[in-house]
Amino acid sequence: MFRVGIGHDTHRLVEGRPLVLGGVRVESNRGGEGHSDADALTHAVADAILGALAEGDLGVHFPDNDPKWKDANSLDLLARVVWLASERGYHVVNADANVMLEQPKLRDHIAAMRANLATTLQVEVSNVSVKAKTGEGLDAVGRGEAVSAQAIVLLEENQA
Ligand SMILES: [Zn+2]
């Protein structure tokens, strides 16, 4: 038994906030606005798992009005979602994600993002793909106003 899920997330970029993607602190003068660390990539992956489980979205499980999640490390939130999947009898097979950011270029950070996500998803790095895109100067991403991510995750039922 397999289940597939899709996730998407966008955060507004503002000055004075760290830019965190896939648990990697990326050098930038602007970062994601949000209650947690605003890690759009990790949020998209977590939402994809919740989607595969038909368990709603991150906002349901980690309400942004709950002080418990203020400045939360999103890899910790993702670990809780992986735990929820295991409670339902599922493990992650693989994940594929796109990150949309105009600047800086993310190429040098991709390996670290994949490693962080793989560790948290409890899979080999070869089962986690992260691809970096820009907005080609168009839309909110292209104007440098936002960072977006989309992800798809495959879950497989554990053997009894
Ligand atoms: Zn988010």
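A residue counts as buried when its relative accessible area is under 20%, as exposed when this value is over 50%, and as partly exposed in between. The exercises below apply this and other terms to a predicted model.

**Exercise 1. Is Ser-148 buried or exposed, and which residues does Ser-148 touch?**

Solution. 
Step 1. Locate the residue: Ser-148 belongs to strand S7, which covers residues 146-157.
Step 2. Apply the cut-off. The relative accessible area of Ser-148 is 8%, and buried means under 20%; therefore Ser-148 is buried.
Step 3. List the contacts. Not counting residues up to four places away in sequence, Ser-148 touches His-8, Asp-9, Thr-10, Asn-98, Val-99, Met-100 and Val-141.
Step 4. Val-92 and Ser-148 are 56 residues apart in sequence, and their C-alpha atoms are 22 Å apart in space.

**Exercise 2. Which residues coordinate the zinc ion, and how are the donor residues spaced in sequence?**

Solution. 
Step 1. Identify the donors: Asp-9 through OD, His-11 through NE2 and His-43 through ND1 coordinate the zinc ion at 2.0 Å.
Step 2. Write the spacing of these donor residues as D-x1-H-x31-H.

**Exercise 3. Where is Ser-36 found, and with which residues is Ser-36 in contact?**

Solution. 
Step 1. Ser-36 is found in the loop that runs between strand S4 (30-32) and helix H1 (40-52).
Step 2. With a relative accessible area of 8%, Ser-36 is buried.
Step 3. Neighbours within four places in sequence are left aside; Ser-36 is then in contact with Arg-17, His-43, Trp-69, Asp-71, Ala-72 and Ser-74. Among these contacts is His-43, one of the residues that coordinate the zinc ion.

**Exercise 4. What aromatic pair do Phe-62 and Trp-69 form?**

Solution. 
Step 1. Two values are needed, because a pair of aromatic rings is described by the distance of the centres and the angle of the planes.
Step 2. The structure holds one aromatic pair. For Phe-62 and Trp-69 the distance is 4.7 Å centre to centre, and the angle between the planes is 85°.
Step 3. Planes over 60 degrees apart count as edge-to-face, so the pair of Phe-62 and Trp-69 is edge-to-face.
Step 4. Phe-62 is buried at 11% relative accessible area, and Trp-69 is buried at 9%.

**Exercise 5. How do the axes of H1 and helix H4 cross, and which residues make the contact?**

Solution. 
Step 1. The axes of H1 and H4 (residues 110-121) come within 12 Å and cross at roughly 35°.
Step 2. This crossing of H1 and H4 is right-handed.
Step 3. H1 contributes Leu-41, Thr-42, Val-45 and Ile-49 to the contact, and H4 contributes Met-113, Leu-117 and Leu-121.
Step 4. Sorted by kind, the residues of this contact are six nonpolar, one polar and no charged.

**Exercise 6. Which residues have a positive phi although they are not glycine?**

Solution. 
Step 1. One of them is Ala-38, with phi near 60°. Ala-38 lies in the loop between S4 and H1 and counts as buried at 2% relative accessibility.
Step 2. Another is Asp-139, with a positive phi of about 50°. Asp-139 lies in helix H5 (residues 139-142) and is partly exposed, at 44% relative accessible area.

Definitions and conventions:
Residues are numbered from 1 along each chain as its sequence is written. This is a predicted model: local features need pLDDT of at least 70, side-chain atom pairs count only at pLDDT 80 or more; totals for chains, interfaces and linings use all residues. Side-chain values use heavy atoms; hydrogens and water are left out. Helices (H or I, at least four residues) and strands (E, at least two) are DSSP runs, numbered from the N terminus. Buried means under 20% relative accessible area, exposed over 50%, partly exposed in between (1.4 Å probe, protein chains only). Contact means heavy atoms within 4.5 Å. Donors are N, O and S atoms within 2.8 Å of the metal (3.2 Å for Na, K and Ca); water is not among the atoms, so sites may look incomplete. Rings of Phe, Tyr and Trp (its six-membered ring) pair if their centres lie within 6.5 Å; planes under 30 degrees apart count as stacked, over 60 as edge-to-face and the rest as tilted. Axes are lines fitted to C-alpha atoms, for helices over the stretch in contact, and angles run from 0 to 180 degrees between N-to-C directions. A crossing is left-handed if the near helix is turned anticlockwise from the far one by less than a right angle, and right-handed if clockwise. Ala, Val, Leu, Ile, Met, Phe, Trp, Tyr, Cys and Pro count as nonpolar, Asp, Glu, Lys and Arg as charged, and the others, Gly among them, as polar.
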